[in-house]
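I am opening this entry to log what I looked up today. Fold first, then an annotated span, then a pocket.

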Amino acid sequence: MSPQARRDDLISAALDLFGSRAPELVTVDDIVSRADVSRPLFYRYFSSLRELQVEALRTVTDGLIDGLAGLEEGPPEVRLRAAVRGLIDVADHYRAGYIALLRSGSVIATSETDAAIDKVRNRAVALILDALGVTDPSPLLSLTLRCWTAVVEGALLSWLQERTVPRESLDTWLVDQLTAMLATTAAHDLAPKP
């Protein structure tokens with residue numbers, strides 16, 4: 001196995017484990033057992049468990065960004081619904097890791113993970129602006145889109161922990177919220193200024 005393939009295998013093992021428990025509860029022994037490698041081999045590729053945690057969570061955020069980049073063509077609502085559905089799929093697949101990544105106070109939260117999350121948020125805002133055909137958003141529109149990404153993150157965290165809303169209606173509900181927020185923003189942007 002090539003060095004990059006071995007490294008990817010260790011990251012994959014960590015992500016599999018993060019699917020069932022928070023990253024801070026996963027040990028080096030858990031990862032080497034899942035990847036069927038020795039501890040010395042683990043340390044050949046990662047200097048610490050923390051380094052692997054950050055790399056694994058970066059893999060999740062890179063996957064989100066790649067998913068947002070490869071959206072289907074169509075009307076803005078169809079593209080947005082597909083993006084939200086993809087986000088739900090990734091968050092559900094890496095449930096514990098996603099919760100740990102976004103929950104404040106996580107022991108693995110760093111400036112690197114914060115930057116990775118911001119990259120996903122910025123990509124989501126750019127995607128929506130592109131779908132709307134807006135190249136120069138008003139300050140209020142930019143604020144609305146950033147607020148909506150926070151709504152999506154909060155809704156996903158609650159949904160992953162509680163599962164009180166059917167998955168099939170989650171993407172529609174979130175897109176309908178954005179539609180309402182955009183209508184309100186447009187009304188305020190068009191209102192005469194005092």
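My notes on the structure follow.

**Fold.** I am working with a predicted model. I looked up the secondary structure and found nine helices and zero strands. Read along the sequence, the pattern is α-α-α-α-α-α-α-α-α.

**Burial and contacts.** I checked burial next. Of the 194 residues in the protein, 42% are buried. I then took the contacts between residues at least 6 apart in sequence; 70% of these join residues at least 24 apart. The accessible surface comes to about 10,200 Å². Carbon and sulfur atoms account for 55% of that surface.

**Annotated span.** Which residues does the "DNA-binding region" annotation cover? UniProt gives residues 27-46, in an unreviewed entry. I looked at how this span is built in the model. Residues 27-46 are 75% helix and 0% strand. The end C-alpha atoms of the span lie 13 Å apart.

**Second largest pocket.** I turned to the second largest pocket, with a volume of about 160 Å³. Which elements give two or more residues to its lining? They are α5 (76-93), α7 (111-132) and α9 (167-190). I listed the lining residues in sequence order. Pro76, Glu77, Arg79 and Leu80 are among them. Leu127, Ile128, Ala131 and Leu132 also line the pocket. Val175, Leu178, Thr179 and Leu182 belong to the lining as well. I sorted the lining by class and got nine nonpolar, one polar and two charged residues.

Key: Residues are numbered from 1 along each chain as its sequence is written. This is a predicted model: local features need pLDDT of at least 70, side-chain atom pairs count only at pLDDT 80 or more; totals for chains, interfaces and linings use all residues. Side-chain values use heavy atoms; hydrogens and water are left out. On a 1 Å grid over the protein atoms alone, a cavity is a set of points where a 1.4 Å probe fits but cannot get out, and a pocket is an open set with protein on both sides within 12 Å along at least five of seven lines; lining residues have an atom within 4 Å of a point. Grid points are joined across faces, edges and corners, and a volume is the space filled by probe spheres set on the points. Helices (H or I, at least four residues) and strands (E, at least two) are DSSP runs, numbered from the N terminus. Ala, Val, Leu, Ile, Met, Phe, Trp, Tyr, Cys and Pro count as nonpolar, Asp, Glu, Lys and Arg as charged, and the others, Gly among them, as polar. UniProt positions are given in the numbering used here, feature names are shortened, and annotations may be inferred rather than shown by experiment. Buried means under 20% relative accessible area, exposed over 50%, partly exposed in between (1.4 Å probe, protein chains only). Contact means heavy atoms within 4.5 Å. Accessible areas come from the Shrake-Rupley method with a 1.4 Å probe; for residues, only the protein chains shown count as cover.
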